[in-house]
Amino acid sequence: MDMMHLHWRLLVLCLGINTILAKPLLSEGGNVAIIPSWDIQSSEVIGTDLEALSRPGVDTTTWNEVDSTRCTLMGCLIQAGVYRENGLFFSDALQNFNSSQFKTPWIYRKEFNLNSPAQGQHYHIQTHGIGSKADIWVNGQEVVAKENQSGAYVGNNFDITNIAKDQNALVVQVHPTDYNYDFALGFVDWNPYPPDNGTGIWRNIEVKQTGPVALGSFRVTTQAGLPIEHSSAWVALKATATNLEDREVTIEVVGTITLEGSQQSYIINQTSKIPPLGSAELACETALNEPAIWWPKQWGDQPLYTGQISVIVDGLVSDVVDRSFGVCQVMAGLTANNDTLFYVNGYLFQVIGAGYSADIFLRWDTAKFEAQAKLMLDLGLNTVRLEGKNEQPELYDIADRLGLMVMPGWECCDKWEAWSYNEDLAVKSEWTDADYTIANRSMYHEALMQQSHPSILGYLVGSDYWPDDKAAEMYYYSLKAADWQMPIIASASGRGYPKIMGPSGLKMAGPYDWVPPNYWYDTEPAEDRLGAAFGFGSELGAGVGTPEISSLKKFLSESDLDDLWKNPDKGLYHMSTSVSSFYDRKIYNDGLWKRYGPPSSLDDYLLKAQIMDYEATRAQFEAYSALWSVDRPATGLIYWMLNNAWPSLHWNLFDYYLHPAGSYFGAKVGARKEHVAYDYHGKLVYLINHSIDRKGSRTVAVEAIDKDGKAIYSSSNVVATEPNTSKSILDLSEALKTITDVAFLRLILSDGENTTLSRNVYWLAKTIDTLDWENSDWFYTPVTEYANLTSLNNLPAANVSVSFTALSQRDEEAQQATVVIENHSDVPAFFIRLNLVNGNGEDVLPVFWSDNYVTLWPKEKLELHVKGEGGAAVQVSSGNC
């Protein structure tokens, strides 16, 4: 025996011993185990002999060891330490990345132990998302070829009982993804394409053990009458039971429904017979008397139930499936103007939301998304849209628990919308019969994953374009087969619709780049006013979201930072892609330079950018809220966007690192539950009430002063508020005619206990920006004359003190500290920015402020609250302090 052969035998023996010592993944029927980690390597290095590679004992010491259950190739290599995120994201480093290594297949491999299957025992491999094509082998046997594991959202269940052993090896060969030809998760112009195009196992692969009968397609349906607060609910737990044996099997079925956190439970028992290798549909149904009702966060609590079905064969549990659900009723209809209007639990529901992006490498971080969801709710938003980024199951669990509505759907601008009538695609690979099958299977898989979640608002089966009639019918019937009870909407735009669904009732008319604040209130004539506040805007915004300097320094070089203010028209790598209309900040910077004056430094540029961003988002959210109850209501908006896939200079409400800035705090003011807002276009004051239970007397105090603190106007108005409405309460056209330069307008809303519900300060020029509506483009409306706010550069200095009460030991659970800011001057203190830092001077993230980026009246004192772990001090900057 030669030494090389001996070495190989010893290595296999050692590896075999380690495998033998490993505990079996599963022990009884109904158990599910996630493949806990992977070894990955390029086929250029190890070849493509999958039969050999999928046998136990292969030497993987030269492979990349990945301690993650799910990751694309780039995500895996970062986790394995091959690449560093901060290096990839710095300046234009990603542009120079060698992506050629991903032009060939890569191999994911894992060994695991099982108990050799006994009589009537079965093992299964379950997939839920592989980007975007894969061959799967176990123990030297092919389980599935790439033709049947194709599509990033296709899920499969494979019975591997006949090839399962005590020691097992799983190999998944993933093939390169092309967004133009594959059903994947693309990013359009949101950010640079990831070098691997999202190739890899981006969702968990599971191993499952069952007895003779396996359960699949688990669904939960709920039906409740209106008013829902006084209705019982009919709940059905449904699943498909499949007999895996060649004999008839009698099953005992046990359905259980339990209210989480209580002893309340319902048990349903049944008996059924399933023919050899046959299947049967199971339904365990019961009425819930006085059910706990699930509400969006702003309207109530989020009680959840757990539904479970167990099947027992010959006294042993054969399989178990369970999931959480809530009792919530979501409906949608069209207004007289063909605008979509949602109802939640019988109440009109104005959608106030934003568009989510997954991580550029599709890495999932539960803690990060939970923080993002909490930031959304802190903002006053109630909905998140997922355009083609349906993400992980945990997202929906978090949304359920926190009370955030979710609007999932397919993405635009690639294979998903390669229709004959889509003229926007550079490469159009129209669907084949195989493509329709992949898309249909994708729809069914996602529908099953999402359908029981009370947070689901509806599904958009198209984005920029609607699916053709063949695809629409498949989507529709797959959703219905999954017992989908929420609205099904043809697309996010109003371009067209399939026969089976009718008009979407949504508009996608922009803007995506900067527009002035009066844009949103200028709604007539509607046919020319594009994204202004009427109807349902499915993705729109002023293109803002400039990070603060502490974040910018994490991903921009000194030269990049200089470009922000020294080269205002330059294309920037951390904007959109180089072929996009949003590669530079020219439109945005034209507005900044002409409205606020040329910046004198980077700090001055960032101050003016934060002022611009705050002004832009506040106006958008206020306008849609203010015009909720008019003749043609603003039924919903999805701000473009919520967050970024990587560090970006625009399109966000908080940056990649979760740091809130101007866009965040402007939106937070504009989306308050009870609020009072100023209409730049009509010079009206609106009273806004997003609640379903708050009503009664309110006081609105209105004051206007000039930059020297001299009074221009003052009034106090007692008005009545009604739930879920908005209305105009005051016309300031005459009062503000005397403005000759920059002026400040403060609106304060208080209740009968003199508690301040909303405080809001505007800076106003003599005239508003003049919009050239006739020359609007798809992404913005030009401005022919800009509002002159340059006097803000020459405000009298204000003397402001800031006191910070650090957290005491007993406060640490609440993580809330108090910050008091006081203006000791006779002039306003403009745009005071506060930043919570730890003992090392680093940003505390995530952070939650009651208010920030505030402007104080002369002699005004304001108490703010901030939550954030490890806060030790507050950094302060402003426009004139």
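Modeller: A salt bridge here is a side-chain nitrogen of Lys or Arg within 4 Å of a carboxyl oxygen of Asp or Glu. This is a predicted model, in which local features need pLDDT of at least 70 and side-chain atom pairs pLDDT 80 or more, while totals for chains, interfaces and linings use all residues. Residues are numbered from 1 along each chain as its sequence is written, and side-chain values use heavy atoms, with hydrogens and water left out.

Colleague: How many salt bridges does the structure hold?

Modeller: The count is 40.

Colleague: What does Lys 374 form a salt bridge with?

Modeller: Glu 370, with the closest N and O atoms 3.5 Å apart. Helices are DSSP runs of H or I, at least four residues, and strands are runs of E, at least two, numbered from the N terminus.

Colleague: Is Glu 370 buried or exposed?

Modeller: Glu 370 is buried at 18% relative accessible area, whereas Lys 374 is partly exposed at 39%. Buried means under 20%, exposed over 50%, partly exposed in between (1.4 Å probe, protein chains only).

Colleague: Switching to sheets. What is the order of the open sheet of three strands?

Modeller: β14-β15-β18, with antiparallel pairing. Two strands pair if DSSP finds at least two bridges between them. β14 (213-224) and β18 (279-288) each have a single partner strand, so one side of each lacks a neighbour in the sheet.

Colleague: Over how many bridges do β14 and β15 pair?

Modeller: Ten, with β15 covering residues 233-243.
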